Amino acid sequence: VVGSGFGDGEGTLPYLTGDWSLQFDHSPMPVDGLLFASRMLVSKESQAADAVKELIVAAPGINDEMEWENSFDKPTGGVLTVISELGEPIHKIATRGVKLWKEFDQTIFNLPKPKMLQALKDKRNYIIDRLNADSQKVWFPRNLQGHTHLEVNEMTYYEVAIRMLDLMYMFKHKRWVDKSYITTFTDFLQRAEERFAKGTDCTSILPNNHAEFASMNPRSYLEETFRPAYPDFVTELLTSEDVLFFYQTCAKRGRKPVPFIPLLDE
């Protein structure tokens, strides 16, 4: 099976007939299958959003294949090449988010670790503003007054919970972005409950199972049930232990990655 990057029948047919190997003085070597990637995203059967399909189709492309190398430096044919999380070049539609990714590739991610950490520190507020303006993953810390130039340890438990709901629950559609976010959110509420439960009766007020929690409006539950039961939840800043717990909860494997950036580090 070979791929991808095939653009038309003329380019794919030699691999099906096996003629591609003749130029290397070998007998015909037909392949068993071809891989198609981006083009399949715009198919009717694709689960991609219509806006994503339209964005891909709107990319003008190029006439000369040699022009693709320009995408390593600037948008070319509607595409920009960035460095993936695995350290390899990857071609992306040149959206605002991808252009920001390219900027970080050239100004931060390409630095040695000590210098990269210093750059993150020096440009912290600029990075936060750009993430919130242009990235699909925004900066998580934000208080009730709307300030974002802060860290998780400067937020109350209530502010963290509200921010999690804003980013992980779609109130318009009355559902979670992903079911695993229910676990991420209730893990945090359970931690907060352990902090603020008082007296000998420490019976949890959290729903018994995820199905029950998935059927309710989490904001209503937070305001009408959880908040009145634990008043300190609203006013107390996260302890250092619970800040670490929050970071670990966001990074747990087996769940959909959180749709935000909670920390700038290596």
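**Questions about a chain of 266 residues**

User: Of the contacts in the chain with a separation of 6 or more, what percentage comes from residues 24 or more positions apart?
Analyst: First the term: contact means heavy atoms within 4.5 Å. Among contacts with a separation of 6 or more, the share that residues 24 or more positions apart account for is 51%.

User: What kind of model is this?
Analyst: Residues are numbered from 1 along each chain as its sequence is written, and side-chain values use heavy atoms, with hydrogens and water left out. Local features need pLDDT of at least 70, side-chain atom pairs count only at pLDDT 80 or more, and totals for chains, interfaces and linings use all residues, since the model is predicted.

User: What is the radius of gyration of the chain, next to that of a compact globule of 266 residues?
Analyst: The radius is taken over C-alpha atoms, and the globule rule is 2.2 Å times the number of residues to the power 0.38. The C-alpha atoms fill a box of roughly 85 × 45 × 30 Å along the principal axes. A compact globule would come in near 18 Å, but this chain has 24 Å.

User: How many helices and strands does the chain have?
Analyst: These are DSSP runs numbered from the N terminus, helices being H or I with at least four residues and strands E with at least two. On that count, the chain has twelve helices and six strands.

User: Is Ser 71 buried or exposed?
Analyst: Ser 71 sits in the loop between helix 3 (50-58) and strand 1 (79-83). The cut-offs are under 20% relative accessible area for buried, over 50% for exposed and partly exposed in between (1.4 Å probe, protein chains only). Because its relative accessibility is 0%, Ser 71 counts as buried.

User: Which residue's side chain has a polar contact of 2.7 Å with the side chain of Ser 71?
Analyst: Beyond four places away in sequence, Ser 71 touches Thr 76, Val 79, Leu 80, Thr 81 and His 91. A polar contact is a pair of N or O atoms within 3.5 Å; within protein, one must be able to donate a hydrogen and the other to accept it, and residues adjacent in sequence count only if both atoms are side-chain atoms. At 2.7 Å, the side chain of Ser 71 is joined to that of Thr 81.

User: Which elements do the buried residues of helix 4 pack against?
Analyst: In helix 4 (residues 96-109), the buried set is Gly 97, Val 98, Leu 100, Lys 102, Phe 104, Asp 105 and Ile 108. Those buried residues pack against strand 1, strand 2 (89-93), helix 5 (113-122) and helix 6 (124-134).

User: Which residue's backbone oxygen does the side chain of Thr 156 reach at 3.4 Å?
Analyst: Thr 156 lies in the loop between strand 3 (138-139) and helix 7 (157-168), and counts as buried because its relative accessibility is 8%. Its contacts beyond four places in sequence are Phe 233, Val 234, Thr 235, Glu 236, Leu 237 and Leu 238. The backbone oxygen at 3.4 Å from its side chain belongs to Val 234.

User: What is phi of Lys 174 near?
Analyst: Most residues other than glycine have a negative phi. Lys 174 is in the loop between strand 4 (169-170) and strand 5 (175-176), and is exposed, with a relative accessible area of 66%. Its phi is positive, near 55°.
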